[in-house]
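I opened my notebook to record what I looked up in this structure. Each entry covers one topic.

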Amino acid sequence: MTDQPITDLEAAAEVFVGWMGERVVARARGDDQLVISGRPSDRFWLGRLAPTHIAAGSGSDLRMERLEPCEIGLRFRLVGPSPWGFEARVSFVLWQRTAPGTWTKRPAIEHALSITVDPANPRSFHGVDRFAQSLAAATGRSDLGAEIACELSQTPDGLELLVSFVNTSSLDDGTATDPRFYQCSLAVEGLMTEPFELDSLEDTFRYDRRVAAYGVNCGVEVHGGLFLTRDAPEAAKLRPDYWGASEEPPDLAFSRVAADPVAVAGNLADRVRRWGSEHWSTDVLDARATDEGWTEPMRALALDSANAFGVELSRIEAGRDLLASDPVVRRAFTLMNEAMIAVGVRKGYDGWRPFQFGFLLANLSSLLEDATDADIVDIVWFATGGGKTETYLGLLTTAAFRDRLRGKTSGITAWSRFPLRMLSLQQMQRFADAMAAAEMVRRREGIGGDPFSVGFLVGNDASPNRIRRPEQESSNKYDPDDPSMPARFRMLQQCPFCGSDAIAMKFDFDVWHLDHRCCNTDCPWRERALPFHVVDEEVFRVLPTVVVGTLDKAASIGMQQAMRGLVGAPRGLCPTAGHGFTYNPSGKIPTGCLVPDCSATPLPLPFDGNLAPPTYRLQDELHLLRDALGAVDAHYEAALDDLQREITGRAPKILASSATLSGYEKQAEVLYRRASRVFPQAPPSPREGLWSRPGTKLMRRFLAIAPRGATIEFVVDRLINELQCAVRELHSDPDALCGSLGIDPVLAPQLLSIYGTDVVFGNTLRDLDAVVRSSGTQLVDIPGSVNQQSLTGRTGFESVSQILDKLQKTDQFAPFEERIHVITASSMMSHGVDVDRLNIMIVLGLPLTTAEFIQATARVGRKWPALVFIIHKIGRERDASVYRSFEKFVEQGDRFVEPIPITGRSRRVLERTLSGVEMGRLLHVHGPREPRFTTAANARQAMSRGDLVVDQEIDSVVDYLGYNAEREAEHIGDVRDGLERYFDRLGAPTTKSTEWIGNVWRNKPMMSLRDVEDQVTVHLRREP
C-alpha cells in the first residue's frame, strides 16, 4: 500500500521549500555530481577547503582567510576533569581530471579517529599519517595532506577547545588532481561540554542565550552529544498562532462584536486577567527564578514587566468600561465593526485577532481627546503581517463615526504618514476600502455630514500638487486638457466599494477634480466619482476623513497656506458646489478658493472650526524616522503639534506602528516630546505569549550562505539558475517532480505561482547593478528566458504601481514564460510590499541593521512557507559574527535590533528647519487674521501695528522646539539670531513689497523633509 500524496497546499509548499533549499546546497557542494566539464573550483562554492598555501598567502588577514578557508572547525566549552576524549569523523572527496576539460569525482575519503586532549599539550595534530596514506592511495600524489588540529585555550569564562579539519596540501602543480577538498564534513561525538552564552545579549529572564557550540567557517548541527559541521546554517521562523492562552480564544467575529460589544470586551478582559495570573503572578515568577537561576537584575526586570502587563490589562478594562458607559462611543464602535464585516468579506477574514481587539480597547479612551492621554505616544508593536494596519484602521473608523455623531460634519479625523512612497501606495488601498465600507454604513444609518473619504498627499511627481491650464500657470506640469494626464495618477487598483478593477480616470472641469470613477454598473456607489482625492489642492479643498501620504509632506506646513486644514480650520466654504473649503486670499486666489478663476464670496464654516483638524496623527514604520530624517522631522512634529494647540486648544493623539523597535522611549521623546508605550507588552518568554506564540507551520526557512572562493555576483547567478531550473522542472514535468516529492500533481500550478518569482534584495544599488550585469551573461542553464523587473529608488512611481499590480493580479494567470521571474529590489521594498506570491528571496550581504533584516525578509512568506538565502559578505566582521550564531540571530532577532540613532538638539538641523517652523506660524497663526498677509508689505504693516512682534515669535519658536534656557542656550541664541536677521530683511526698504515672505529667508523653508540629505557642500582643494 502506497502513501497518499499530499493534497494540502500549505503542507505541499513546506515540502517544496525544503526540497529547493536542499537542492541548491547540494548543487553548490557538488553532492549530486559525478562527472563535470570544467574545473570543480569554478563550479562548487560550498563545502570546499583550499590548501593551506592559499590561506597562508593572505598573511594575518583573517577576512581574506574566511573567503577561501583551509579549515572547518567546531569550538566547545569544556567541562569535567581532564583529559578529554572524543571521536572525530571526517569525510571529503577529491576531483580528478580524466580527460581534457572533464573532471570526475573520486570516492569519498572517510576516517574516524579517537582523540584525547590534555592541558599539558594544548596544541595537537591527529590523523596526519592516515590522511596522507589515503590521499596517496587515491591519487598517487605525496603532496596532499590533511589533519585534525586540536587547540585548547583558557578564556575568562573557562577552557575552550577548537577541533578543526585542515587541508594541509601543497601548491597545485597543475597535475590531474585538484588539491581542494570538496563535500567536507566534520563530526565530534562523546565530548563533555557546556554551552556558551551569547555575549552580545544582556541577561534577561525571557530568552535562552545558550549556544551549544560555535562553528569555524561553517555552521553547527547538534543531535544530543553529536556535533556536525553544516555548510549552510539553517534557521526557521514558524507562523504564529494569534492566541496563546490554554483556554479557547473569545469569539471576536465582527458580527458578534457589533451585536454586543460590551459583552465581548468583558469576555476578552476576563481571559486576559486569568492568563496574567497564570504567567505574571509573584509565585510563578519566584518559581521560574529558582528553576532558571535568575540573577537579581533579571528578577527585577521580570517584576517591572509584570507591572507593565498590569497597566495593559487596566487599559483594556477601561476600554470595556467606556463602551458600557458612553453611548456615543459604543455606537461608533458598533458601526465600525459593521463596516469591518464588509471589508472582511472582500479580504477573506471575518473577525479580529485578539491582540487587535485588545489594542482597540486599550486605546478607546483616546477618542475623548483627553490631554493626559494625548501626551502619550501609543505604538502598536507586532510582527510584520500580524495585522497592524487593520488594527489602527479600526480605531480611526470608530473615531470617524464618533466625529459625525458629535457634529463634526466634515474635516480630517486622521492624518496617516508613511516614510516611503512604496508604503503609502500599498496602504492607501486598505484605507480606501475601510472608509468605503464605513460610508455605506453611514448612509444606511442616515448619519449626516460629508461622505467619508480618503486623500492621498504625496506630491513629488507621484501625485500632482495642483492642476492648472498652461495659460494660468507657466510652470504647470499637469495640463487638464491633456487626455493622457489623468491615467498617470490612477492610485486605486480596485474600486473600494465593489472590488472591480474597472476604474477610469477623468478630469472633471466642473468641480476641478481629478476623479477615480468605477465603471462597474453593479457598484453600490452611484455617484460619478469615488470619494478619493490625489491632488494636494483637492485634498485641502475637501479635507477628507483620512489623509494618507508620505512623511515628507509635513514640510509643506511652512510653504502652503492651505496646509492649515491639517492643523486648524479652513477660512470658509465656497458656495459653488464641489469647490470646497477656502483659505486666506492671496494674489493667486483672490477669494481664497483654490479652484482657478473662482470669484464666489466664501461662506462661513458649517461646523465648529475647532473640530476640523485631525484627532489622530499616525506614523507607520516608526523605526525609519532616524538620523537626519528623524532630527528634521522632530522640529516639524513640534510645529504641527503647537500650531494645532495654539489654533484649537488641543494637540492630536499620536499613534505609531512598527514591527522592529528598540529604544522607542527616547525616539518618541525626541520626535514628539511625549512619553510612549507599546502594545502589546513583551511576553514572559517567546513561547508563552498571550497575543501570539510560535505555531507548528513553517513561515520562513533561512539558509546562511558564506561563499568559498566565489564572488557574490557568481553565487547569486548560481542561486537564480538553480531556483529557476527547479520551478521550470515543475512547469515542464509536474507529474514526475510532484511524484518524487509525494505531492499531488494537481497542486503544481499553485506551487509554480507562489515559487516562480525570486526576489534579489540588495543593500546598495551598486550591488544590484552588478547582479543585473552579471545575470545578463551568466543565466545560461535556465531553459527559456528570464524576465526581470526592478523595485528600487530609481523605479518611477507609476512603474512601481504597475509591477505590484502585475504580481498581485495578472501574473499568476499569464503563461509562465510571460511572468516576472526575478525582481531586484532595494530597501524601498523592505516596507509595505504585501504580495502573497513572493516567497523566495536572496539577500546580498547581511543588511546593515537588524531592523532592515527583519523588515526585508518579511516581504516573503506572508501567506505561504518561504525560502530566504542570506549571502554573507563573510569578509565583513558583522556578517561573520552573525553567521557564527545564525540560528540565534533569526530566533531572537528583536533583541539584536539597534536603538534608533536620533537627536533633536542639532544646531545644524535647526539651521535648516528654523525658517519652516516660523513660516508655519506666519501662515497659519498670523495669516488668517489678514487677507494677503503673505506679501512683504502686509507683513511689515502687521509688524508696525504690533500684531507681529519679533520677540514674541522668538519665544514661541523656542517654546515649540522645547529648548531649555540652561541646557540649550546656544540653540536659543541661534533662534534669536535667525529670526532677527529674517525680520530685519523683511522690513528693509530693499525688499520688494510684493515679495512672498518665504523668499526673504536666507535658508528658505524646506520643500521636503528629505531636503536635508541634499544639503552637502563638497569643497575641492587644488594642490599646488
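**Entry 1: one glycine**

I started with Gly 973, which sits in helix α29, residues 969–987. I kept in mind that this is a predicted model.

**Entry 2: the seven-stranded sheet**

Next I traced an open sheet of seven strands. I wrote down the order as β17-β30-β35-β34-β31-β33-β32, with mixed pairing. Which strands stand at the edges? They are β17 (234–241) and β32 (788–791), and each pairs on one side only. On average, neighbouring strands of this sheet are turned by 20 degrees against each other, direction ignored.

Strand β31, residues 758–762, pairs with strand β34, residues 840–844. The sense is parallel, and there are five bridges. I looked up Val 759 and found that its bridge partner in β34 is Met 841.

Then I checked a helix against this sheet. Helix α1, residues 9–29, lies across β17, β30 (693–705), β34 and β35 (866–871). The helix runs at about 20 degrees to β30.

**Entry 3: strand β6 and its two faces**

I moved on to strand β6, residues 109–117. I first noted a general point: in a regular strand the side chains alternate between the two faces of the sheet. Which residues make up the covered face of β6? I listed Ile 109, His 111, Leu 113, Ile 115 and Val 117. The uncovered face has Glu 110, Ala 112, Ser 114 and Thr 116.

I also looked up a partner for this strand. Strand β3, residues 84–93, is joined to β6 by nine bridges, and the two run antiparallel. Arg 89 has Ala 112 of β6 as its bridge partner. Ala 112 is one of the residues on the uncovered face.

**Entry 4**

I looked at the pairing of β4 with β5, residues 102–105. Four bridges join them, and they run antiparallel. Ala 99 stands opposite Thr 102 in β5.

**Entry 5: a covered helix**

How many residues of helix α10 are buried? I counted 10 of its 10 residues, in a helix that spans 354–363. Among them are Pro 354, Phe 355, Phe 357, Phe 359 and Leu 360. Gln 356 and Asn 363 are on the buried list too.

**Entry 6: salt bridges**

I noted the general idea first: side chains of opposite charge can pair when their charged atoms come close. The count for this model is 76 salt bridges. I looked at three of them.

The side chains of Glu 729 and Arg 23 meet at 3.0 Å, N to O. Glu 729 is in helix α17 (residues 712–732) and Arg 23 is in helix α1, 706 residues apart. Glu 729 is partly exposed at 32% relative accessible area. Arg 23 counts as buried at 12%.

Arg 66 bridges to Glu 877, with the closest N and O atoms 3.0 Å apart. Arg 66 lies in helix α3 (residues 62–67) and Glu 877 in helix α23 (residues 877–884), so the pair ties together parts 811 residues apart in sequence. Arg 66 counts as buried, at 16% relative accessibility.

Arg 444 forms a salt bridge with Glu 338, the closest N and O atoms being 2.3 Å apart. Arg 444 is in helix α13 (residues 421–445) and Glu 338 in helix α9 (residues 327–347), so this pair ties parts that are 106 residues apart in sequence. Arg 444 is exposed at 52%, whereas Glu 338 is partly exposed at 23%.

Last, I looked for a network. Salt bridges with shared partners join Arg 23, Arg 27, Asp 32, Glu 722 and Glu 729 into one.

Note on methods. Residues are numbered from 1 along each chain as its sequence is written. This is a predicted model: local features need pLDDT of at least 70, side-chain atom pairs count only at pLDDT 80 or more; totals for chains, interfaces and linings use all residues. Side-chain values use heavy atoms; hydrogens and water are left out. Two strands pair if DSSP finds at least two bridges between them. Axes are lines fitted to C-alpha atoms, for helices over the stretch in contact, and angles run from 0 to 180 degrees between N-to-C directions. Contact means heavy atoms within 4.5 Å. Buried means under 20% relative accessible area, exposed over 50%, partly exposed in between (1.4 Å probe, protein chains only). A salt bridge is a side-chain nitrogen of Lys or Arg within 4 Å of a carboxyl oxygen of Asp or Glu.
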